[in-house]
Amino acid sequence: MLLPILLVFLAPLALSAQTQRSVDVFAWPLSASKPTTLAHITYNSTSASVQNYIAPHFAADEEVVRIGFYHPSGSWSGVASAASNLAANTHKTVQLYLNTDHDLYHVGFKVSPVASSSKSGNSKDGLNVEVVRLRPGQMPPLSKPVQLNAQGKVEEKPVEKSFVQKYWWAIVGVLVVQIVVAAMGKD
Ligand SMILES: *[C@@H]1O[C@H](CO)[C@@H](O)[C@H](O)[C@H]1NC(C)=O
């Protein structure tokens with residue numbers, strides 16, 4: 001009696017790990033007003049594959065290109081890369097960062113030069129993709145991807161609190177000096 005009911009509730013949980021999902025990754029040159037599709041990617045909790053790669057063409061003087069995606073909420077997440085990294089002669093990899101619910105929360109982009117020894121026949125342009133899973137309690141803060149906003153800038157974190165915590169003694173010292181100086185000026 002209870003088991004079927006339990007299964008009804010557990011099935012969606014199991015499905016969320018297996019479900020094939022898809023995302024469009026965009027290339028967005030800094031000088032362009034809107035992004036263009038770079039690749040259509042399908043992924044599940046363990047692997048991803050590029051269904052369709054559209055090699056981008058940038059203006060010759062284009063220097064920086066944002067690479068990112070839109071969350072279902074409509075907000076943009078991405079990284080910035082040198083436009084030359086997207087040239088045909090590089091080995092390009094898009095990284096999909098999945099959280100513990102297997103939802104995509106960030107993308108990364110890495111590039112390595114194609115080995116000159118393999119120039120012979122293997123020079124086809126393309127894009128690779130890999131899944132980077134967030135494991136609870138195993139992620140050192142250093143490996144956090146840098147969050148860039150739509151303007152390609154690093155999101156600023158407020159630092160006032162830690163500044164005050166660090167230098168409260170200096171602030172107190174300055175106040176004491178001012179009180180002493182004011183007291184001395186009075187007589
Ligand atoms: C993810 O997809 C790959 C390739 O389609 C498949 O081999 C793998 O079993 C899938 N993983 C899960 C958890 O469904």
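In this predicted model, strands E6 and E7 run antiparallel to each other and are joined over 9 bridges, with Gln95 standing opposite Gly108 in E7. Strands of a sheet pair through backbone hydrogen bonds, in either the parallel or the antiparallel sense. The pair belongs to an open sheet of 3 strands, ordered E7-E6-E8, in which the pairing is mixed. Because E7 and E8 each have a single partner strand, they stand at the edges, and one side of each is left without a neighbour in the sheet. From one strand to the next, the twist averages 25°.

| Strand | Residues |
|---|---|
| E6 | 90–98 |
| E7 | 104–113 |
| E8 | 128–133 |

Thr90 lies in strand E6, and its relative accessible area is 14%, under the 20% cut-off, so this residue counts as buried. The side chain of Thr90 reaches the backbone oxygen of Asn85 at 2.8 Å. Beyond its neighbours within four places in sequence, Thr90 is in contact with Ser84, Asn85, Val111, Ser112 and Val114.

The largest nonpolar core holds 25 residues, of which Val23, Ile41, Ile67, Val94, Leu96 and Leu104 touch the most other members. At least two residues of this core come from each of strands E1, E2, E3, E4, E6, E7 and E8, and E2 gives the most, with 4 residues. For Ile67, the contacts beyond its neighbours within four places in sequence include Val25, Phe26, Leu38, Trp76, Val107 and Phe109. In soluble globular proteins, nonpolar side chains tend to be buried together.

Key
Residues are numbered from 1 along each chain as its sequence is written. This is a predicted model: local features need pLDDT of at least 70, side-chain atom pairs count only at pLDDT 80 or more; totals for chains, interfaces and linings use all residues. Side-chain values use heavy atoms; hydrogens and water are left out. Buried means under 20% relative accessible area, exposed over 50%, partly exposed in between (1.4 Å probe, protein chains only). A polar contact is a pair of N or O atoms within 3.5 Å; within protein, one must be able to donate a hydrogen and the other to accept it, and residues adjacent in sequence count only if both atoms are side-chain atoms. Contact means heavy atoms within 4.5 Å. Two strands pair if DSSP finds at least two bridges between them. Axes are lines fitted to C-alpha atoms, for helices over the stretch in contact, and angles run from 0 to 180 degrees between N-to-C directions. A nonpolar core is a set of buried Ala, Val, Leu, Ile, Met, Phe, Trp, Tyr and Cys residues joined through side-chain atoms within 4.5 Å.
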